[in-house]
Amino acid sequence: MAISQDTERERPGVDCDVLVVGSGAGGLSAAVTAAYHGLKVIVVEKADVCGGATSWSGGWAWTPGNPLAKADGVNEDRELFRTYLRHRLGGNYREDKVDAFLEAVPHMVGFFHDKTSLQFVPGAKIKDIYGSTPGAGTGHRSVGPKPFNARRIRPGLRAKMRHQLYETSFLGMGIMAGPDLTKFLSASQGNLQGLFHAGWRVGLHLLDLLTHRRNMQLVNGTALTGRLMKSADDLDVDIRVSTPARSLVADHTGQVTGAVVDSPAGSYTINATRGVVLAAGGFPNDVTRRAALFPHTPTGREHWTLAPKETTGDGITMAQAVGARFDTDVKSPAAWCPVSLVPYRNGRTGTFPHIMDRAKPGSIGVRTDGRRFVNEANGYYDYVDGLLTATPDGEPVEAWQIADAAFVRKFPLGMAKPLPVPLFPYLRSGYLKKGNTIEELAVACGISPEGLATTVAEFNENARQGVDPAFDRGASEFNRYGGDPKNTPNPSLRPLDKGPFYAVKIVPGSFGTFAGLAADARARVLDQSGKPIAGLYVAGNDQASVMGGHYPAGGINLGPALTFGYIAGRDLANATHYEDDGSRAPEICAVNVQAADKLRAPA
């Protein structure tokens, strides 16, 4: 039986089996798994809402070998995944962690899909980023959360849910990558089916705002955390918001036995007989650690993360205080993402992640010298990595994503939406720059007019032939998938030749951090000598990335977060065989998926 908030205020300590610090994908995965195996679990969250950066993400998780792929007839040998990762991670490849991840993934997906409210849809068409690398996948290596109606979550729990990130929404309504987004984009071109789809989605959203004062059509990251929260609630997990953990508690042997937490009513101790899972979201908002580890960030403030403000490295700091090792031996300390800063009339500045616009035909990215610096259609990590590499020391790290008139009426350019949404609010605020000619646009942005004119002329000449000799844009399946299938001869390439021209300023951002606490294959935190600290586990961005600071595919934050949370929860429950969780992960079939969907259909 969960201890109520009122009861906890009357006593100096609270007892449980497992304490989870943080409520993103990693923390909630550990909580649900441990609770399913009969343990009493408390989740504490520093913010006044749950979900962390997961709620603001796309929600897709890289899960190679997952049972939904097998249900679609895709049975890849695990050695293919190892091959791909060995080539991409190089010296950062850690065999024990990678093998633990690949072994657990199908069971993790099968467990949640079969036994909880977290159901998935397959990423049948989502490609690995580096298609020419041996072992690269062309689909079926990812899963995303099924859209979810928040009415299925009880009101008290719903109040603890983080809203969709406004910058990636339409009036606060999330749009899911895939058919949902495709239909919205087709509406801007007058497609009747797209207009109908967009009309009923927006209409229902407005009704939800009137009746519930929030978005109720959960997709992407909000669907993932919403489904996990309901799963936790169904298993009597005690979720406490506005309750930051301040320090770990250990016994005379050094075993971690709980934590001291703060609450609106004061501080108290939570005693955890089995152990503590740290999943507080890494350190993307820790200015001091950013200054020490991030390139081109001398004060730590020259960076704009997409993670909530509460992610200040608390989990890492607490673990270090009991002897844990902070592992910075990664290629990159963070999961880079290009962002633009959105000024609002109330004085607030939003942060917009440039995920899908960079790959669409009719747009390029340039530095202030007017030159391109990267294959814009590759992963978001590559865009910032290329920008950091191309920027000389002492210069501000910034770029401009440029597009022509046809592009901005058909596709989003950052926060600026395509037809029928007008552009003037973005022009008025200064977020969007405009020029009738390329040279005029360059002057408006502070770009070299000669450099930009030369770059655009060269790019246009090659784009007409469907090639990009400078950066091979459009050569890979990943690039072409992110483009426009109606555009020929290359879905990712089209000349910028229809003025007026527009641009939005790009600065370096991140989804979260890759450096983190050293952990073993069982998600146990390691001390300075490499030995596990008894009773202390880690998942999510608090854990040093299993990818070694590389970004080989979309979803390599959430896939490992869910998986190592699952591994931690099982280890805490002493579940020694995957069959203990009742999942049919290895052999799930299409019939089973359909039957399970019918059983789980909402009333």
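Is cysteine 445 buried or exposed, and what is its relative accessible area? Cysteine 445 is buried, at a relative accessible area of 10%. Buried here means under 20% relative accessible area, exposed means over 50%, and partly exposed is in between, with a 1.4 Å probe and protein chains only.

Before going on, the ground rules. Residues are numbered from 1 along each chain as its sequence is written, and the model is a predicted one, where local features need pLDDT of at least 70, side-chain atom pairs count only at pLDDT 80 or more, and totals for chains, interfaces and linings use all residues. Side-chain values use heavy atoms, with hydrogens and water left out.

A disulfide is a covalent bond between the sulfur atoms of two cysteines. The criterion applied is a pair of cysteine sulfur atoms within 2.5 Å, and the structure holds zero disulfides.

Next, helix packing. Helices are DSSP runs of H or I with at least four residues, strands are runs of E with at least two, and both are numbered from the N terminus. Axes are lines fitted to C-alpha atoms, for helices over the stretch in contact, and angles run from 0 to 180 degrees between N-to-C directions.

I start with helix 5, residues 95–115, and helix 2, residues 25–36. Their axes come within 12 Å and cross at roughly 70°. Helix 2 and helix 5 are therefore roughly perpendicular; the classes are roughly parallel under 35 degrees, roughly antiparallel over 145, roughly perpendicular from 65 to 115, and oblique for the rest. Helix 2 passes helix 5 in a left-handed crossing. Left-handed means that the near helix is turned anticlockwise from the far one by less than a right angle, and right-handed that it is turned clockwise. On the helix 2 side, Ser29, Val32, Thr33 and Tyr36 meet Phe111, Phe112 and Lys115 of helix 5, where contact means heavy atoms within 4.5 Å. By class, these residues are four nonpolar, two polar and one charged. For those classes, Ala, Val, Leu, Ile, Met, Phe, Trp, Tyr, Cys and Pro count as nonpolar, Asp, Glu, Lys and Arg as charged, and the others, Gly among them, as polar.

Helix 5 also packs with helix 4, residues 78–89, at an angle of about 140° and with the axes 11 Å apart. That pair is therefore oblique, and the crossing is right-handed. Here Arg78, Phe81, Arg82 and Leu85 of helix 4 meet Val98, Asp99, Leu102 and Glu103 of helix 5. The contact divides into four nonpolar, no polar and four charged residues.

What is the angle between helix 7 and helix 8, and how far apart are their axes? Helix 7 (residues 179–187) and helix 8 (residues 192–212) pack at about 110°, with axes 7 Å apart. They are therefore roughly perpendicular to each other, and their crossing is left-handed. Helix 7 contributes Asp180, Lys183, Phe184, Ser186 and Ala187, and helix 8 contributes Gly194, Leu195, His197, Ala198, Arg201 and Val202. That contact has five nonpolar, three polar and three charged residues.

Now the backbone. Leucine 419 and proline 420 are joined by a cis peptide bond, with omega about 5°. Proline 420 sits in the loop between helix 13 (405–410) and helix 14 (424–429). A cis bond also runs from glycine 499 to proline 500, with omega near 0°.

Which residues other than glycine have a positive phi? Aspartate 236 is one of them, at about 65°, and serine 242 is another, near 50°. Aspartate 236 is in the loop between helix 9 (220–234) and strand 10 (238–240) and is exposed at 59% relative accessibility. Serine 242 is in the loop between strand 10 and strand 11 (245–250) and is partly exposed at 26%.

Last, the region of helix 17, residues 477–481, which holds asparagine 479. Asparagine 479 is buried, with a relative accessible area of 1%. Beyond four places in sequence, asparagine 479 touches Asn375, Ala377, Asn378, Asp472, Arg473, Gly474 and Ser492. Proline 495 is buried at 10%. Leaving aside neighbours within four places in sequence, proline 495 is in contact with Asp404, Asn460, Ala463 and Arg464.
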